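Morning, everyone. Please have the sequence and the model open while I talk. I'll go piece by piece.

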Amino acid sequence: MAPRPDDINKDIKEGASSKVDVGAILRKKPWITALVAALILAGIILLYIFLPAVANRAETSAIIKIPNNATPEMVKDSIAKYLGDKYASKVMMMTIARKGNPHKRHGAFEIKEGMSPMEAERALSVGPQKPVKVTINNARGTNILADRISQKLDFSADSLINYLKDENNLKEYGINSEQALALFIDDTYEMFWNASPKGVTDKLGSHFKKVWNDQRLEKAKKIGLTPAEVVTLASIVDEETLKMDEKPKVARLYLNRLDKNMKLQADPTVKFALGDFSLRRILNKHLEVESPYNTYKVTGLPPGPIRTVTVKDIDAVLDAPQHDYLYMCAKEDFSGYHNFAKDYSTHLNNARRYQRALNERNIK
């Protein structure tokens with residue numbers, strides 16, 4: 001049966017009379033008003049803090065390096081350097097809100113393009129480190145090597161030099177402190193920015209061991225050299241010629257001289273002894289330098305490598321083809337290749353042609 005109009009009107013009147021008078025309640029209980037106001041204020045504050053923390057985005061990627069014993073201000077300055085003061089301020093505001101302490105970490109951490117300040121704070125406070133790429137290439141001496149590596153990592157060049165001077169740190173690789181350069185094979189390595197000199201040496205030492213597998217060790221044994229001595233010879237060969245196809249031939253020439261107990265008489269060792277690789281012409285006065293690296297005065301290999309080398313340079317020595325050449329001289333056409341000779345008189349003729357070419361070009 002459908003409801004009668006009188007019944008409907010009655011229900012409406014009863015419902016109206018049962019409505020809550022909110023205004024009356026708030027007047028009787030003012031603490032509710034205060035609570036509502038506080039909640040609204042808290043909401044506004046949270047909106048002020050977290051909306052920018054979520055809405056703002058990093059305009060580019062940046063590696064933030066945090067040194068030992070950093071301060072919050074140092075972290076902020078580092079972020080601002082790459083992403084601006086405004087973004088840095090919001091990231092630091094998030095560290096307070098989330099109770100993060102990125103300044104207590106030591107390492108390099110990445111803020112990726114598009115990250116919000118909240119995400120950036122998390123990356124700095126608890127995120128993984130971002131590896132740094134360190135390239136070893138043509139380092140002529142331990143000092144130069146240490147200086148280049150220290151520019152990429154968070155330690156001084158002297159700390160690495162001193163670590164390599166302690167032969168106890170190199171013993172497991174079968175090399176001494178003068179041969180330390182042999183451990184650093186030319187390549188690009190990934191390391192953590194906060195790596196120590198020991199960590200770097202361990203990293204490079206691990207690669208050294210992989211390069212010197214059983215096959216290469218056996219080849220070195222056949223030519224009567226240790227791995228460090230092979231690298232030493234490879235470093236001389238690499239300075240003698242830039243032509244990869246000529247390196248094995250040059251390597252065999254020096255191996256022939258070693259077998260005959262002849263002085264190597266390698267010009268690059270004189271340049272190393274003088275500390276001047278810019279020399280284009282080695283004169284008699286240069287040959288008089290007193291140094292264990294001057295192979296015009298000392299017999300055999302120098303104490304250690306005169307530069308870092310590649311694996312290909314090492315293999316050029318280990319796989320050097322047999323021949324009877326004992327002398328070589330740069331070609332007079334300045335092609336970068338050499339004239340080779342088995343006897344000294346032929347070598348003198350080659351040398352005269354090259355010297356004439358130098359004189360014609362006024363190269364001194």
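Helices H7 and H8 are oblique to each other. H7 covers residues 142-152 and H8 covers residues 157-165. Their axes come within 8 Å and cross at roughly 130°. Axes here are lines fitted to C-alpha atoms, for helices over the stretch in contact, and angles run from 0 to 180 degrees between N-to-C directions. Angles under 35 degrees count as roughly parallel, over 145 as roughly antiparallel, 65 to 115 as roughly perpendicular, and the rest as oblique.

A word on where this comes from. This is a predicted model, where local features need pLDDT of at least 70, side-chain atom pairs count only at pLDDT 80 or more, and totals for chains, interfaces and linings use all residues. Residues are numbered from 1 along each chain as its sequence is written, and side-chain values use heavy atoms, with hydrogens and water left out. Helices (H or I, at least four residues) and strands (E, at least two) are DSSP runs, numbered from the N terminus.

Back to the pair. H7 passes H8 in a right-handed crossing. A crossing is right-handed if the near helix is turned clockwise from the far one by less than a right angle, and left-handed if anticlockwise. Which residues of H7 and H8 make the contact? From H7, they are Thr-142, Asn-143, Ala-146, Asp-147, Ile-149 and Ser-150. From H8, they are Ala-157, Leu-160, Ile-161 and Leu-164. Contact means heavy atoms within 4.5 Å. By class, that gives six nonpolar, three polar and one charged residues. Ala, Val, Leu, Ile, Met, Phe, Trp, Tyr, Cys and Pro count as nonpolar, Asp, Glu, Lys and Arg as charged, and the others, Gly among them, as polar.

Next, helix H11. H11 spans residues 227-240, and helix H12 spans residues 247-259. They pack at an angle of about 125°, with their axes 9 Å apart. That angle makes H11 oblique to H12. H11 passes H12 in a right-handed crossing. On the H11 side, the contact uses Leu-233, Ile-236, Val-237, Asp-238 and Glu-240. On the H12 side, look for Lys-247, Val-250, Ala-251, Tyr-254 and Leu-255. This contact has seven nonpolar, no polar and three charged residues.

H11 also meets helix H13, residues 267-274. Here the axes come within 8 Å and cross at roughly 100°. So H11 is roughly perpendicular to H13. Ile-236, Glu-239 and Glu-240 of H11 meet Asp-267, Pro-268 and Thr-269 of H13. Those residues divide into two nonpolar, one polar and three charged.

Now the strands. In a regular strand the side chains alternate between the two faces of the sheet. Take strand E1, residues 62-66. Ala-62, Ile-64 and Ile-66 form a covered face. Ile-63 and Lys-65 form an uncovered one. E1 pairs with strand E2, residues 107-111, in the antiparallel sense over five bridges. Two strands pair if DSSP finds at least two bridges between them. The bridge partner of Ala-62 in E2 is Ile-111.

Strand E6, residues 338-341, has both faces covered. His-338 and Phe-340 are on one side, Asn-339 and Ala-341 on the other, and all are buried. Buried means under 20% relative accessible area, exposed over 50%, and partly exposed in between (1.4 Å probe, protein chains only). Strand E5, residues 327-330, pairs with E6 in the antiparallel sense over four bridges. Met-328 stands opposite Phe-340.

Between E5 and E6 there is a loop, and Gly-336 sits in it. Is Gly-336 buried, exposed or partly exposed? It counts as partly exposed, because its relative accessibility is 36%. Gly-336 and Lys-243 are 93 residues apart in sequence and 7.1 Å apart in space, C-alpha to C-alpha. Leaving aside neighbours within four places in sequence, Gly-336 is in contact with Thr-241, Lys-243 and Glu-246.

One more residue: Phe-208, in helix H9, residues 197-211. Phe-208 is buried, with a relative accessible area of 4%. Beyond its neighbours within four places in sequence, Phe-208 is in contact with Tyr-173, Ala-182, Leu-183, Ile-185 and Pro-227.

Last, the whole chain. It has 15 helices and six strands. Buried residues make up 41% of its 364 residues. Among contacts with a separation of 6 or more, residues 24 or more positions apart account for 62%. That's my tour.
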